[in-house]
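Q: I would like to go through this model with you. Could we begin with the overall picture and then turn to individual residues?

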Amino acid sequence: MEISLTANPSRRAAYINARTSTAQAEKKANASTTAQVQDEIAISPEVKTAMEQAGAAAPAVSDSEKRPANTAAFTSFAEEFSKITQGYADTIRNYYAAEHEENLTYDSPSAHIWNKYKNPDSPDFRADLSEDERAWAYDQELDLLSGGKHLQMSNPYAFASAGAPPTLTSAALQTNQACRDQIDQSIRDLLTENGIELPADTSFRLTVGQDYTIHATGLEDKEQAAAIEQALNRGDNGKNLYNHLRLTAPNGESLGIDYANGHLAPVDMQQELDDKTLDEVKRQAGPAWARYSSTYNPHQEAMNEKILSLDPDSPLNTRENKDRMSAAVRVGAPEVIAEFRARQQDMSLVINQNRDVDPDGSAALKTYIRAYAQPAVNARKTIESYYAEAHAENSAYPFLEGLEHIAEKYKRPDSGIFRSDLPQAQRDMAYRQERALLTGARLTLFDPYALASIGGVQTAQASHQGAMQAVMEKMNELRNQL
């Protein structure tokens with residue numbers, strides 16, 4: 001469903017009145033229909049007696065049968081790490097929230113950010129800040145224009161009140177604690193759901209192996225142990241417990257944990273995480289771990305001038321564009337480098353296999369870059385088309401009123417045009433995208449609603465595979481030309 005509503009206040013009032021009148025008419029019609037049905041239906045004494053007998057014969061449904069069994073599930077490290085990361089990201093967003101809102105009031109938010117932090121000749125230049133604080137603000141506020149996907153957690157200013165920014169180690173320890181608390185509660189819930197009552201002083205040990213099967217050991221009552229195992233071994237519980245214990249027992253001990261007095265043993269929050277354990281943290285956490293980089297440097301220039309136009313007269317070769325490109329490289333570097341290393345072998349193999357038609361590999365590289373970028377180009381066009389009608393409506397107002405109109409649709413529940421028919425996540429996305437279109441900020445390409453018509457958000461792996469296919473076709477074309 002595309003996003004659109006009223007184009008002006010008079011249309012808005014007419015729209016609301018029309019919906020109210022329609023709803024009232026439907027309500028009256030339904031009430032009339034119900035009354036007629038009730039008036040027309042008559043149940044004979046014989047039928048009524050048969051219905052009562054059938055009801056008496058039906059087996060009663062107990063409360064336990066009504067309740068879904070085994071609803072509790074063990075959380076995963078990745079799930080809890082994502083929550084921790086989101087919390088830290090919210091801290092950064094809140095720190096720059098006022099500046100971000102002010103940036104969006106400019107026709108070119110990115111140019112305003114550059115003037116504030118990179119252009120000493122601008123009247124907006126923040127000379128009151130240190131060079132380091134300006135560097136951090138420049139990167140973070142630019143990234144917020146694109147949805148804040150690469151906010152670096154090592155920002156010392158956003159976390160000044162906390163004493164120090166989080167590190168990968170501190171985030172991992174906090175995640176381990178969150179996992180332990182959740183699994184501890186889930187075990188109690190599962191035991192209760194399955195009618196397993198344990199004396200207060202009961203103690204046993206839970207172990208899990210590579211087959212992800214949970215075992216309860218140390219109980220004399222074998223039937224009770226089997227019942228506990230049956231209650232816990234559901235879904236991904238074994239896998240999630242196994243992965244959790246790999247991070248909390250990294251010294252080669254058997255993967256197990258004691259359960260006593262109704263609780264699991266606590267997490268050792270003073271645990272030293274060695275390189276092997278941190279590698280396991282990265283594996284389980286996924287790409288989010290890269291945002292805890294201790295080597296991130298907001299002053300670093302673009303690592304290779306070739307990322308800019310080689311034409312000295314190109315309008316791209318301005319100081320502002322170079323600074324912006326450097327920021328894009330910096331904030332995306334951890335994930336970009338990880339992806340590049342994973343795919344480098346693919347490209348190397350193709351280039352070496354086609355030296356006869358592409359000696360220096362330049363044709364393959366150019367083809368790959370163009371093809372890899374094409375899905376993003378297509379996605380941007382699709383998003384612009386999806387919000388085109390809403391953007392035209394927003395643009396019909398003076399600029400500030402247009403921003404207010406967007407807020408009324410997606411942020412003001414008391415507004416007459418509030419889109420209560422949309423889920424919260426879709427309202428948030430529409431708010432972000434329509435503001436970006438109105439202010440000239442960058443659209444986020446992670447928009448599942450706008451991109452549903454073309455299969456949703458394309459993953460980096462899918463882009464890579466498509467680009468590799470284009471390279472192979474290009475090599476075949478060059479070979480045929482010979």
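Q: What kind of model is it, and what limits apply?
A: This is a predicted model, in which local features need pLDDT of at least 70 and side-chain atom pairs count only at pLDDT 80 or more, while totals for chains, interfaces and linings use all residues. Residues are numbered from 1 along each chain as its sequence is written, and side-chain values use heavy atoms, with hydrogens and water left out.

Q: How many helices and strands are there in the protein?
A: The protein has 17 helices and four strands. These are DSSP runs numbered from the N terminus, with at least four residues for helices (H or I) and at least two for strands (E).

Q: What percentage of the residues count as buried?
A: Of the 482 residues, 38% count as buried. Buried means under 20% relative accessible area, exposed means over 50%, and partly exposed lies in between (1.4 Å probe, protein chains only).

Q: Turning to packing, how do H8 and H10 cross?
A: The axes of H8 (residues 168–193) and H10 (residues 237–248) come within 11 Å and cross at roughly 145 degrees. Axes are lines fitted to C-alpha atoms, for helices over the stretch in contact, and angles run from 0 to 180 degrees between N-to-C directions.

Q: Which residues meet there?
A: From H8, the residues are Asn176, Cys179, Arg180, Ile183 and Leu190; they meet Asn237, Leu241, His244, Leu245, Leu247 and Thr248 of H10.

Q: Which residues touch the most other members in the largest nonpolar core?
A: In that core of 54 residues, they are Phe77, Phe81, Tyr88, Ile92, Tyr138, Tyr292 and Tyr387. Another core, of 25 residues, lies apart from it and includes Ile183, Phe204, Ile214 and Ile228. A nonpolar core is a set of buried Ala, Val, Leu, Ile, Met, Phe, Trp, Tyr and Cys residues joined through side-chain atoms within 4.5 Å.

Q: Back to H8: is Asp184 buried or exposed?
A: Asp184, which is in helix H8, counts as buried at 9% relative accessibility. Leaving out residues up to four places away in sequence, Asp184 touches Tyr259, Gly262, His263 and Leu264.

Q: What about Asn394; where does it lie?
A: Asn394 lies in helix H14 (residues 388–395) and is buried, with a relative accessible area of 0%. Not counting residues up to four places away in sequence, Asn394 touches Gly402, His405, Ile406, Lys409, Glu434 and Leu438. The C-alpha atoms of Asn394 and Leu437 are separated by 9.5 Å, although these residues are 43 apart along the chain.

Q: Which loop holds Gln458?
A: Gln458 is in the loop between helix H16 (424–439) and helix H17 (460–481). Gln458 is partly exposed, at 42% relative accessible area, and is in contact with Pro375 and Ser463 when neighbours within four places in sequence are left aside.

Q: Lastly, what is phi at Tyr212 and at Asn261?
A: Tyr212 has a positive phi near 65 degrees, and Asn261 has a positive phi of about 55 degrees. Most residues other than glycine have a negative phi. Tyr212 sits in the loop between strand E1 (203–208) and strand E2 (214–217), whereas Asn261 is in the loop between strand E3 (256–260) and strand E4 (263–264).

Definitions and conventions. Contact means heavy atoms within 4.5 Å.
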